[in-house]
Amino acid sequence: MTTRRTTRWNLSLAAAMLTSGTGVLLAEPMLLLVSIPGVVFATYSHVTSAPTPTLEFERSLTDSDPSHGDPVEVTVTLRNAGDRTLPNVCLADGVPPMLSVRNGSARHAAALGPGDETTFSYTVTAKHGVHRFGPASAVLEDASRSIEVETTVEEETELACRSPVRTVSLGRIAHRHAGATATTDGESGIEFSTVRSYRPGDSPASIDWNRYARDGELTTVSFRENRSQATVLCLDARNRCYRSTGRGEPHAVLYERAAARELLEAISESDGPIGLAVFGTEFHWVTPNTGSRHAATLRRTLEDEDVLPLEPPDERNSDDSVDGGTRTLRTRIDRGTGVVLCSPLLDDGPLEIARSLRADGHPVTVLSPDVTAAESLGTDLARIRRDNRIDALRRASASVVDWDPATPLEAAIRNEVTR
């Protein structure tokens, strides 16, 4: 809470003092009389007390789990729970930065007597991802409007615009160019491998007793344990990826984060090892692992604004080169690990990453949210270049999920699986 005195009455006091001083110098009683109201009002502003913020805050949504592009009405109620009148209350709700207000206003002003409440509504457009409302900022003024008290009121509110991947096995796309493998769709188990002649020292449990009973020949059966192949979600969060289709629209990094969260859920449900790599101002790495605690760590990392800022990093401190991050990634992932690279493909950096990983034998899938807009010659050129990069990736045996964020993510993945 911050309390400060405004300068609203300073000009009035200065004018009153100048007028009264002139009246004394010129011996003009009328000027002295004219200065009295200004002195009274200025004095009144210094004897009033600061308002006490006794506010209760409620926020509700018409739909907390909408689809992308749906309108969601937000209703805010502010109540004065104290026994003193609050003559002037100004409130600004904490709308998530990636949600645009379609109708109404997230700002409201009212006077609240003891026990009174005020309600206002506005409408936001849902976008992919999980959006958390921030604290609302409230400014209270006294009756003379000479003292301001700034505070925050908070209620946890979350709008989850999900695009779940349910019917498509990510293993079918994340490892589709892996070649021969000892696993199937990320599942683990025991698989028959070879039969050979019995050797002294072989475990009796490995002997094929049925064949011995039938043919009188001792043979040993060996089995191979299937282990789920690891998958690394790799996000391209360099400065140039903070592009959107227009003002007020989410940028590509937000779509990447939303897609990564859905893919994380799909992979973790199959209990396959999953890791995370982020190309940003710095390279961030989480080693592939399994389990609910590891999945929770990945979710927190995806929500960490130090790792994936909502706003683009300072261009002066950002390096859009992928060379260093690619070298680090290649040394940290095991052989056969599949990589799902999320990138809007706005430059050739993702091509360099994908080609390097394919050269090492890793299956690579590029999931690309399309944030190009056909509005001008420049944006048309950007779209053509992006299409050319998609073709180049497919020629390099990398799968590409071309995702229009206006459509469900699962539909885009299914289209690539069935190509």
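## Helix 6: length and faces

Helix 6 (residues 292-303) has 12 residues, which at 1.5 Å a residue should span 16 Å; the end C-alpha atoms are 17 Å apart, which agrees. The expected span is taken as 1.5 Å times one less than the number of residues. Helices (H or I, at least four residues) and strands (E, at least two) are DSSP runs, numbered from the N terminus. The structure is a predicted model, in which local features need pLDDT of at least 70 and side-chain atom pairs count only at pLDDT 80 or more, while totals for chains, interfaces and linings use all residues. Residues are numbered from 1 along each chain as its sequence is written, and side-chain values use heavy atoms, with hydrogens and water left out.

The buried residues of helix 6 are His294, Ala295, Leu298, Thr301 and Leu302. Seen down the helix axis, these residues fall within an arc of 120°, so they line one face of helix 6; the arc is that of the directions from the helix axis to the C-beta atoms. Exposed residues Ser292, Arg293 and Arg300 are carried on the face turned away from the buried side. Buried means under 20% relative accessible area, exposed over 50%, and partly exposed in between (1.4 Å probe, protein chains only). An α-helix has 3.6 residues a turn, so residues three or four places apart point the same way.

## Thr301 within helix 6

Thr301 is found in helix 6 and counts as buried because its relative accessibility is 16%. A polar atom of the Thr301 side chain lies 2.8 Å from the backbone oxygen of Thr297. A polar contact is a pair of N or O atoms within 3.5 Å; within protein, one must be able to donate a hydrogen and the other to accept it, and residues adjacent in sequence count only if both atoms are side-chain atoms.

Leaving aside residues up to four places away in sequence, Thr301 touches Leu276, Val286 and Val307. Contact means heavy atoms within 4.5 Å.

Six strands form an open sheet of mixed pairing, in the order 16-15-14-17-18-19. Its edge strands, each pairing on one side only, are strand 16 (283-289) and strand 19 (399-403). From one strand to the next, the twist averages 15°. Two strands pair if DSSP finds at least two bridges between them. Strand 14 (residues 231-236) and strand 15 (residues 274-279) pair in the parallel sense over six bridges, and Thr231 has Ile274 in strand 15 as its bridge partner.

Helix 10 (residues 409-417) packs on this sheet, where it touches strand 18 (364-369) and strand 19, and its direction makes about 145° with that of strand 19. Axes are lines fitted to C-alpha atoms, for helices over the stretch in contact, and angles run from 0 to 180 degrees between N-to-C directions. The buried residues of helix 10 are Leu409, Glu410, Ala412, Ile413, Glu416 and Val417. Viewed down the axis of helix 10, they fall within an arc of 160°, so they line one face of the helix.

A second open sheet is formed by four strands in the order 2-3-7-5, with antiparallel pairing. Strand 2 (55-61) and strand 5 (100-104) are the edge strands, each pairing on one side only. The twist of this sheet averages 30° from one strand to the next.

Strand 3 (residues 71-80) and strand 7 (residues 117-125) run antiparallel and are joined by nine bridges. Within this pairing, Val74 stands opposite Tyr122 in strand 7.

Leu345 lies in the loop between strand 17 (338-342) and helix 8 (349-359). Its phi is near 60°, a positive value in a residue other than glycine, and at 0% relative accessibility Leu345 counts as buried. Ser397 also has a positive phi, near 65°, and is likewise not a glycine. Ser397 is in the loop between helix 9 (377-395) and strand 19 and, at 30% relative accessibility, counts as partly exposed.

Arg385 is found in helix 9 and is partly exposed at 47% relative accessibility. Arg385 and Leu346 are 39 residues apart in sequence and 7.9 Å apart in space, C-alpha to C-alpha. Leu218, in the loop between helix 4 (209-215) and strand 13 (219-226), is partly exposed with a relative accessible area of 33%. From C-alpha to C-alpha, Leu218 and Ile207 are 6.9 Å apart in space, and 11 residues separate them in sequence numbering.
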